[in-house]
Amino acid sequence: MIFRRIQSLRARLVLGLVLGTVLLQVAASTAVCWLQRQALYNRFDQAILSTARALVPNIKYDKKGVHLDFEKLAIPEFQRGKGPDYFQIWRDDGTVVARSLTLGGGDLAIGEPSSKPVKYDCLLPREEPGRAVLVSLEVPMGGPREDRGVPATVRLVVAKETKPIRNDLRTLAWILAGTTAAGAAVAATLAWWVVARALAPVRRLSQQIAGIQPSELRQPVEVAGLPSEVQPVAERLNQMLNRLAVAFERERAFTADAAHELRTPLAGIRSIAEVAASSPQSPEESGSDFREIVQVTTGMQAMVEKLLMLARLDAGQVPLAMEAVNLRQILEPLLMEQAVRMGARNIVVRDDVGAEASVKADPNLLGLVVGNVIANAVEYVNDGGELALESRVAEGQTCLSIANTGCTVDAAEAEKVFERFWRADPSRTGNSSHWGLGLSLVSRAMVMMGGSARAQVLEGGVFRLTLCLPAGEIPTGQPQ
Amino acid sequence: MRVLVIEDYEPIRRSIAKGLAKAGMAVDQTGDGEEGLWYARSNPYDVVVLDLMLPKVDGLTILRKLRAEGFKQQILILTAKDTVEDRVRGLDAGADDYLVKPFAFDELLARVRALVRRSYGEKSPSIEVGGLRMNTSTQQVWVNDRLIDLSAREYTLLEYLARRAGQVVSRSDIWEHVYDFHSDTTSNVVEVYISYLRRKLEQPDQPPLIHTIRGRGYRLGEAGA
């Protein structure tokens with residue numbers, strides 16, 4: 001459809017309105033014309049009929065037969081002239097009794113006889129369209145009563161030219177057509193103008209939107225003054241802009257942080273290499289430089305891998321294979337990994353995780369999560385401090401909590417540990433494998449698996465991280 | 001020339017210290033703000049290379065404390081904080097120079113040398129005392145236009161004496177500015193190095209460059225030069 005191809009709302013509205021106006025006006029005009037025509041013809045027919053009735057008394061039937069007593073008749077309409085009237089009288093055997101002079105010897109068309117007057121259109125001499133009325137009547141024999149016999153059946157047709165009414169109707173049609181055209185033009189102009197005015201705020205809105213810079217997403221689009229139909233769009237747009245701004249800022253901060261975090265170890269590597277290259281040094285010195293570079297790059301690699309994992313979790317690109325996982329099976333190898341480190345620092349491990357404790361999780365991702373939490377606890381626990389592991393089941397959830405002593409974080413700041421690149425001590429730049437990403441990874445992964453992670457700082461500098469997941473059903477009879 | 005490096009990131013701290021030492025400077029290093037402040041207070045360093053984010057006491061606090069206590073060392077801030085506000089804050093707190101990580105070690109070295117020159121009130125990298133001429137940037141030494149080959153330690157000792165040419169420099173001054181914290185101050189290493197320098201610089205037909213002032217120390221060049 002053409003209508004679909006028109007992209008402009010304004011053009012569509014105008015086109016629709018004009019079409020509607022024209023259709024309505026055409027319908028109304030047709031009705032008016034038809035009614036007017038009916039009325040005119042009715043009146044016209046009545047006029048013809050009364051002419052006919054005036055003629056009837058003049059039709060005589062006597063010894064001479066049926067004839068028209070025309071001498072007594074003085075009806076000017078039957079004179080020759082402009083738009084004259086016509087009549088013709090027949091007997092029922094078809095013989096013409098009389099005809100008006102206006103016929104000039106021609107015949108009028110005769111309709112189907114009936115007891116009532118018959119009205120019909122006909123062609124008059126000179127090919128003029130006309131209207132005729134046929135009246136059938138019985139004319140009794142005139143003269144003395146005894147002479148009277150069977151009355152004669154006579155048919156009288158009176159006709160008039162319809163030119164005047166046709167002229168009237170044509171004039172009416174022209175007037176109506178003119179009105180329709182003018183109405184359509186007015187409707188189009190009015191619609192064009194009104195729609196233009198109504199859509200002006202939309203154009204301003206689009207200009208405003210076009211002018212939005214990525215750096216100023218926070219500045220909202222003006223909602224006041226917009227048509228109420230468009231206001232929800234603008235409001236949604238503002239909400240979306242807000243969400244975008246938050247996401248953008250987070251992304252920007254994240255990128256800046258990541259760059260900052262990578263800059264320090266890079267500076268270290270560069271410094272080591274430049275000093276080594278600046279003057280000859282012993283193989284022992286070079287060896288220690290290389291070892292140091294390897295250590296720094298290992299740390300950077302761990303950070304980049306965490307960043308990548310976080311990005312994948314954010315993008316939902318980590319496929320999850322959820323199954324019942326026994327917590328002990330996850331914990332054992334991770335604790336073994338840290339055993340030497342903890343032993344060297346005299347850290348006491350209090351492990352109260354039940355042998356049956358199980359959760360519904362992706363075993364690989366859960367391993368990563370718990371590994372990060374334990375590594376974090378071991379990193380921050382004080383020498384000779386305590387690491388406490390516990391499991392609890394409540395309301396269909398199994399919670400694993402890992403607590404360490406020696407925490408210097410403020411209780412109010414506990415939840416900040418999940419923020420990317422947040423660090424309890426800002427100066428611990430990359431000395432360890434902790435880059436302020438581990439716990440945000442934990443939090444993200446827990447949410448992905450339908451669980452939650454919570455951080456608390458308890459009395460006596462105990463930092464406790466609690467991981468909760470839906471409890472897993474370990475098939476009965478399966479050995480631990 | 002004695003330098004203190006306070007930087008908590010070990011790879012950077014160790015490599016800087018190593019590089020500065022190779023350039024003939026006596027270097028002390030620490031990764032801890034508290035310890036750094038103690039070092040800076042107890043030794044007459046010519047230059048302190050200072051990181052801002054430090055455990056226990058941060059760099060800006062160290063800087064403000066040292067300046068408030070009237071210490072006049074040349075302080076170079078070495079940090080990853082690179083915004084204009086950070087630089088302004090650092091310099092306003094009393095720093096003499098500001099270098100952002102990552103940096104080229106050669107640039108750090110050049111800046112440290114420039115700070116050393118400034119601490120002795122010099123602008124030119126060239127020092128001339130009698131027939132002795134030194135270029136402190138290239139660390140080259142000439143005596144009567146004859147290029148002399150010196151070891152790093154010999155050079156540092158000579159540069160310190162040259163910077164204080166005409167003055168009597170005590171053995172403890174030399175210890176404090178030419179040797180780092182871990183050197184053994186009881187040995188006669190200063191005398192040994194002075195004798196090395198004399199052997200390389202002085203010729204029998206020329207007047208001596210390094211004078212021994214009995215009981216007080218040494219003097220390069222004539223008194224009051």
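## Close-up views of a predicted two-chain model

**Figure 1. Helices α2(B) and α3(B) are roughly parallel to each other (a term for angles under 35 degrees; over 145 counts as roughly antiparallel, 65 to 115 as roughly perpendicular and the rest as oblique), as their crossing angle shows.** In this predicted model, helix α2 (residues 33–42) of chain B packs against helix α3 (residues 59–68) of chain B at an angle of about 25°, and their axes lie 10 Å apart. Axes are lines fitted to C-alpha atoms, for helices over the stretch in contact, and angles run from 0 to 180 degrees between N-to-C directions. Gly33(B), Leu37(B), Ala40(B) and Arg41(B) of α2(B) touch Ile62(B), Lys65(B) and Leu66(B) of α3(B), where contact means heavy atoms within 4.5 Å. By class, these residues comprise 4 nonpolar, 1 polar and 2 charged. Ala, Val, Leu, Ile, Met, Phe, Trp, Tyr, Cys and Pro count as nonpolar, Asp, Glu, Lys and Arg as charged, and the others, Gly among them, as polar.

**Conventions.** Residues are numbered from 1 along each chain as its sequence is written, while chains are lettered from A and ligands numbered from 1 in the order in which they are written. As the model is predicted, local features need pLDDT of at least 70 and side-chain atom pairs count only at pLDDT 80 or more, totals for chains, interfaces and linings use all residues, and side-chain values use heavy atoms, with hydrogens and water left out.

**Figure 2. Helix α4(A) meets helix α1(B) across the two chains.** Helix α4 (residues 231–278) of chain A and helix α1 (residues 10–22) of chain B pack at an angle of about 25°, with axes 8 Å apart. The pair is therefore roughly parallel, and the crossing of α4(A) and α1(B) is left-handed. On the side of α4(A), the contact involves Thr264(A), Ala267(A), Gly268(A), Ser271(A), Ile272(A) and Val275(A). On the side of α1(B), it involves Pro11(B), Ile12(B), Ser15(B), Ile16(B), Lys18(B), Gly19(B) and Lys22(B). These residues divide into 6 nonpolar, 5 polar and 2 charged. An α-helix has 3.6 residues a turn, so residues three or four places apart point the same way.

**Figure 3. Helices α7(A) and α8(A) pack within chain A.** Chain A holds 8 helices and 14 strands (DSSP runs numbered from the N terminus, of H or I with at least four residues for helices and of E with at least two for strands). Helix α7 (residues 363–380) and helix α8 (residues 438–448) of chain A pack at an angle of about 145°, with their axes 9 Å apart. Their crossing is left-handed. Leu365(A), Leu368(A), Val369(A), Asn372(A), Val373(A) and Asn376(A) of α7(A) contact Gly438(A), Leu439(A), Leu441(A), Val442(A), Ala445(A) and Met446(A) of α8(A). The contact has 9 nonpolar, 3 polar and no charged residues.

**Figure 4. Helix α7(B) has five named buried residues: Asp173(B), Ile174(B), Trp175(B), His177(B) and Val178(B).** Buried means under 20% relative accessible area, exposed over 50%, and partly exposed in between (1.4 Å probe, protein chains only). Helix α7 of chain B spans residues 171–178. Among the elements that cover its buried residues are β1 (2–6), β2 (26–30), α6 (152–163) and α8 (189–201) of chain B.

**Figure 5. Asp8(B) lies in the loop between β1 and α1 of chain B.** Asp8(B) counts as buried, because its relative accessibility is 5%. The C-alpha atoms of Asp8(B) and Gln29(B) are 9.7 Å apart, although 21 residues separate them along the chain.

Figure 6. Most residues other than glycine have a negative phi, and most peptide bonds are trans. Asn144(B) is placed in the loop between β8 (140–143) and β9 (146–148) of chain B and is partly exposed, at 42% relative accessible area.

Definitions and conventions: Left-handed = near helix turned anticlockwise from the far one by under 90°.
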